[in-house]
Amino acid sequence: MPGLHELQRRFSDALLGGDVDGLMCDIRPGGVTAARRIGIYRNNVFTNQREALRVIYSVIERLVGAEFFDYLAEAYLRRYGSPAGDLNRLGEHLADFLPEFPPASSLVYLPDTARLEWLVHRVYHGPNHGPLSLERLAHVPPSHYESLRFRLHPASGLFESRYPVHRIWQVNQPGYEGDECVDLNSGGMRSLVERRGGRVELRPLNAGEWAFLQALADDRTFGEACDDAVSAAADFDVETVFSGLIRESILVDLVSPAL
Amino acid sequence: MRGSTASRVEANPIPARAGIGLRTPHYRDVLETLPPVAWLEVHSENFFAEGGGPHAILEQVRSHYPLSLHGVGLSLGSTDALNHWHLDKLKGLITRYEPGLVSEHLCWCSVGERYLNDLLPLPYTEEALAHISERIAYVQDYLGRRILIENLSSYLQYAHSTIPEWEFLAEVAHRSGCGILLDVNNVYVNARNHGFDAEAYLSAIPVDSVEEMHLAGYEDEGDCLIDTHGRRVDASVWLLYAKAVRRFGRVPTLIEWDTDIPALSVLLEEADKAQTIMEAPYARVA
């Protein structure tokens, strides 16, 4: 007679493709076969988890088709499993898994697409945050500007790919009605993934904006971020870009060691 | 345990009437039409995120309806350490929304930190009884409130179980001080799948312990009934519900629908039916 822990381990092994013999012996015989009973649970578990992945990775599913997605999801679940009782936390490693999954490895843009979808998922569920108080900014003496650090909205993220993944994402959104062609050779993209009125949006960034926000996201100072931005784009207009980022609640907090 | 939080619970009591489980496809419809349903229940885990759209919706829902939180992932019966990340998320939700009822399942869903995200049955043994009762008592202390525990549908019985399911459930409530969320469909499904008398099950549950009931539809796969929450409540389950009302009196009763979710109006019709039975459990139904 197995103890509770041993029984749970055998149950999990039987469902996840390992040894089923252990659990078979623990099932009271009679009526439906033990294999059928285990099969019902296996189906429930994989269905629940696969459907959760399908919601998060809807663009990947559209790109590869429902049947291939099921196959991919099952392989992913066997490799990584689910880390939580909250299904919204399932699927974080899909972008890392795709290059290791030979049937999908020829689709070179898939891992970045998965990375973007995971970021979109995180941004969608990320914390709320109000705008940066201009009053706080007004109290900073000009001599401290250089050493200020700014925080991006917690429900946002910077995303970069050498493929036109933002186009792939956009044309595969529900309700999209424009041209569905994506030229894979049209080059890469850099964007800010942000939430506006509860919806996740992609804002394309130019080289200066990207360098500026990247530096601030890396916890570097305002002065360093300006240097980076000007090196990336000589015509970078700090005043216009910066005030826009504050106004649009992209930068929402400031840290000044001197205050 | 109830004392310190009594006023909070009373701020949002779940009426002894029929309610419905609120799922994503109906968010908009419910908020736009504000249907005359007595209360709503959501899955706690769907609101574990820190911000964004789901909370904006739940805030509005909570301002119009009494709200109950129903968890599917706490894994109370697991031999893993209790997941405090999960527990803290639940506690945060309780503080924020002040739900009238908070419930979980008599099950386990994880082992070795790996989650199966399904409601898996415990063996009905003294070891499992002591384990889950202790954990429920701990959770109630941690949350500062009583919770309800729901009986499962199951598709197997363990060879080494020594306690009938109904006795196990009643004893868990007795030892931990939790209430019971009696899922009448699950009683029916298990009675058919495992060959016991559903009415005897009801008779074994202490009258005062049942504080909520659930109703849903099952799928008959020929050799087994599967609790899919994907159909209307079966006629036999309505009859069993009428018997449950006669035994346990009027308690908040929820219509659940989780797969092939139909129009909101279908859930409201089912809730009306539950309400009718609740008011006249001796009348002919179905």
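Two strands are taken to pair if DSSP finds at least two bridges between them. On that basis, this predicted model has eight strands of chain B that close into a barrel with parallel pairing.

**Barrel of chain B**

- The order of the strands around the barrel is β1-β2-β3-β4-β7-β8-β9-β12.
- From one strand to the next, the twist averages 30 degrees.
- Strands of a sheet pair through backbone hydrogen bonds, in either a parallel or an antiparallel sense.

**Strand β1(B) and its partners**

- Strand β1(B), residues 18-21, is joined by three bridges to strand β12(B), residues 253-255, and the two run parallel.
- In this pairing B:A18 has B:T253 of β12(B) as its bridge partner.
- Strand β1(B) also pairs with strand β2(B), residues 40-43, in the parallel sense and over two bridges.
- One of the residues involved is B:I20, whose bridge partner in β2(B) is B:L40.
- Further along, B:G21 stands opposite B:E41 of β2(B).

**Strand β4(B)**

- Strand β4(B) spans residues 101-105 and is mostly covered, with five of its five residues buried.
- The side chains are divided by direction: B:L101, B:S103 and B:H105 point one way from the strand, whereas B:V102 and B:E104 point the other way, and all are buried.
- Strands β3(B) and β4(B) run parallel and are joined by three bridges.
- Within β4(B), B:L101 is the residue that stands opposite B:S68.

**Helix α4(B)**

- Helix α4(B) comprises 14 residues, 84-97, and reaches 20 Å from its first C-alpha to its last, close to the 20 Å expected at 1.5 Å a residue.
- Its buried residues are B:H86, B:K89, B:L90, B:L93 and B:Y97.
- Seen down the axis of α4(B), these buried residues fall within an arc of 95 degrees, so they line one face of the helix.
- That buried set packs against three elements of chain B, namely α3 (53-64), β3 (67-70) and α5 (126-143).
- On the other side of the helix, B:H84, B:D88 and B:T95 are exposed.
- Just after the helix, B:E98 takes a positive phi of about 45 degrees.

**Contact between chains A and B**

- The contact takes 39 residues from chain B and 38 residues from chain A.
- On the side of chain B that touches chain A, the elements giving two or more residues are α3, β5 (108-111), β6 (114-120) and α5 of chain B.
- Of these, β6(B) gives the most, with six residues.
- By residue class, the side of chain B that touches chain A divides into 18 nonpolar, 15 polar and six charged residues.

**Residue B:E126**

- B:E126 has its place in helix α5 of chain B.
- With 11 C-beta neighbours inside 10 Å, B:E126 counts as exposed, because a residue is classed as exposed at 12 or fewer.
- B:E126 and B:Q275 lie 149 residues apart in sequence, and their C-alpha atoms are 38 Å apart in space.

Terms used:
Residues are numbered from 1 along each chain as its sequence is written. Chains are lettered from A and ligands numbered from 1 in the order in which they are written. This is a predicted model: local features need pLDDT of at least 70, side-chain atom pairs count only at pLDDT 80 or more; totals for chains, interfaces and linings use all residues. Helices (H or I, at least four residues) and strands (E, at least two) are DSSP runs, numbered from the N terminus. Axes are lines fitted to C-alpha atoms, for helices over the stretch in contact, and angles run from 0 to 180 degrees between N-to-C directions. The expected span of a helix is 1.5 Å times one less than its number of residues. A residue is buried if 20 or more other C-beta atoms lie within 10 Å of its own, exposed if 12 or fewer, and partly exposed in between; C-beta atoms are placed from the backbone. The arc is that of the directions from the helix axis to the C-beta atoms. Two residues are in contact if their C-beta atoms, placed from the backbone, lie within 7 Å. Ala, Val, Leu, Ile, Met, Phe, Trp, Tyr, Cys and Pro count as nonpolar, Asp, Glu, Lys and Arg as charged, and the others, Gly among them, as polar.
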